[in-house]
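Notebook open, structure loaded. I want to look up the ligand site, then the strands, then the aromatic rings.

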Amino acid sequence: MDALEVLFARRSSGRLVAPAPTPADLQTILRAAAAAPDHERLRPFRFTVLSGSALEAFGEVLADAYDARCGAAGTEPVAAKRDKERTKLGRAPLVLVVSAVRRPSAKVPWDEQLAAAAAAAQNACLAATALGYGSMWRTGDPSYDPNVKAALGLDQADSIVAWLYLGSHRDGMTPPPNDPNLDGLLLPWPPTD
Ligand SMILES: Cc1cc2nc3c(=O)[nH]c(=O)nc-3n(C[C@H](O)[C@H](O)[C@H](O)COP(=O)(O)O)c2cc1C
């Protein structure tokens with residue numbers, strides 16, 4: 001696939017199966033992520049690879065964090081929701097967590113550091129696509145949960161930008177390429193009103 005084909009071929013797959021990216025492919029995916037545009041080269045991104053038993057272990061972190069959120073809100077945990085938190089990382093054989101870490105800079109505001117981390121996440125998705133893997137970028141409540149941030153070794157001021165589910169498509173389940181349209185996306189300038 002050439003680069004433009006990869007851009008359009010990247011589609012989200014909710015369920016991915018083994019094989020996960022090989023160690024060599026994962027290295028390529030991580031290096032592609034680290035090649036993201038990055039103002040002042042602050043490297044404001046961090047990557048956490050969850051696979052094998054770490055997926056189950058981190059599922060317990062997510063379930064406990066759900067309990068704590070309920071406790072903080074004064075609500076009773078719902079068993080089915082707790083179970084979903086515990087098992088949801090199993091929707092792929094490997095999950096790559098992309099975080100943005102605040103770097104001190106007089107020149108590069110936090111928004112730009114977040115943007116660099118998001119670009120890293122997208123680079124990882126595109127590299128995975130180019131290597132023949134499926135991917136899906138997810139976030140959700142755990143991304144904003146202080147206990148989950150702490151479990152990843154992040155400061156509370158940092159941000160979890162993406163949970164990238166990576167793996168192989170099930171037989172016959174490779175999604176068709178994206179076919180975006182530009183309706184409503186172009187702002188004429190000077191404005192016409
Ligand atoms: C920052 C971000 C967070 C997202 N979080 C979720 C999520 O938690 N759950 C979900 O179903 N889709 C989420 N998505 C959207 C999917 O990744 C996907 O892009 C969308 O479903 C469109 O499908 P496509 O990627 O095949 O075009 C998120 C996308 C972004 C950029």
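This is a predicted model: local features need pLDDT of at least 70, side-chain atom pairs count only at pLDDT 80 or more; totals for chains, interfaces and linings use all residues.

**Ligand site**

I started with Thr139, where a polar backbone atom sits 2.9 Å from an oxygen atom of the ligand. That is a polar contact, because the cut-off is 3.5 Å. Next I checked Trp137 and found one of its backbone N or O atoms 2.7 Å from a ligand oxygen. For Ser12 I looked at the side chain instead: an N or O atom there is 2.7 Å from an oxygen atom of the ligand. How much of the ligand does the protein cover? I get 53% of the 620 Å² of accessible area that the ligand has on its own.

Then I listed the residues around the ligand. They are Arg10, Arg11 and Ser12, then Met136, Trp137, Arg138, Thr139 and Gly140, and finally Asn178. Sorted by class, this shell holds 2 nonpolar, 4 polar and 3 charged residues.

I moved on to strand E2, residues 94-100. Is it covered or open? I find it mostly covered, with 7 of its 7 residues buried. I then sorted the side chains by direction. Leu94, Leu96, Val98 and Ala100 point one way from E2, while Val95, Val97 and Ser99 point the other way, and all are buried.

Which strands pair with E2? I found strand E1 (residues 45-51) antiparallel to E2, over 7 bridges. One bridge I looked up there puts Leu50 with Val95 of E2. Strand E4 (residues 159-167) also runs antiparallel to E2, and 7 bridges join them. On that side, Leu94 stands opposite Leu166 of E4.

I stopped at Ser99, which lies in E2. I call Ser99 buried because its relative accessibility is 1%, and the cut-off for buried is under 20%. Ser99 and Phe45 are 54 residues apart in sequence, yet I get 5.5 Å between their C-alpha atoms.

**Aromatic pairs**

How many aromatic pairs does the structure hold? I count 2. Phe45 and Phe47 make a stacked one, at 5.8 Å centre to centre with 20° between the planes. Phe45 is buried at a relative accessible area of 5%, whereas Phe47 comes out partly exposed at 27%.

The other pair is Phe58 with Trp163. Their ring centres are 6.0 Å apart and the planes meet at 55°, so I log the pair as tilted. I note that this pair links distant parts of the chain, 105 residues apart: Phe58 is in helix H3 (residues 53-73) and Trp163 in strand E4. Both Phe58 and Trp163 are buried.

**After E4**

Last stop was Ser168, in the segment after E4. Is Ser168 buried or exposed? I have it as buried, because its relative accessibility is 13%. What does its side chain reach? I traced the side chain of Ser168 to the backbone oxygen of Pro19, at 2.6 Å.

Key. Residues are numbered from 1 along each chain as its sequence is written. Side-chain values use heavy atoms; hydrogens and water are left out. Buried means under 20% relative accessible area, exposed over 50%, partly exposed in between (1.4 Å probe, protein chains only). Helices (H or I, at least four residues) and strands (E, at least two) are DSSP runs, numbered from the N terminus. Two strands pair if DSSP finds at least two bridges between them. A residue is near a molecule or strand if one of its heavy atoms lies within 4 Å of it. A polar contact is a pair of N or O atoms within 3.5 Å; within protein, one must be able to donate a hydrogen and the other to accept it, and residues adjacent in sequence count only if both atoms are side-chain atoms. Accessible areas come from the Shrake-Rupley method with a 1.4 Å probe; for residues, only the protein chains shown count as cover. Ala, Val, Leu, Ile, Met, Phe, Trp, Tyr, Cys and Pro count as nonpolar, Asp, Glu, Lys and Arg as charged, and the others, Gly among them, as polar. Rings of Phe, Tyr and Trp (its six-membered ring) pair if their centres lie within 6.5 Å; planes under 30 degrees apart count as stacked, over 60 as edge-to-face and the rest as tilted.
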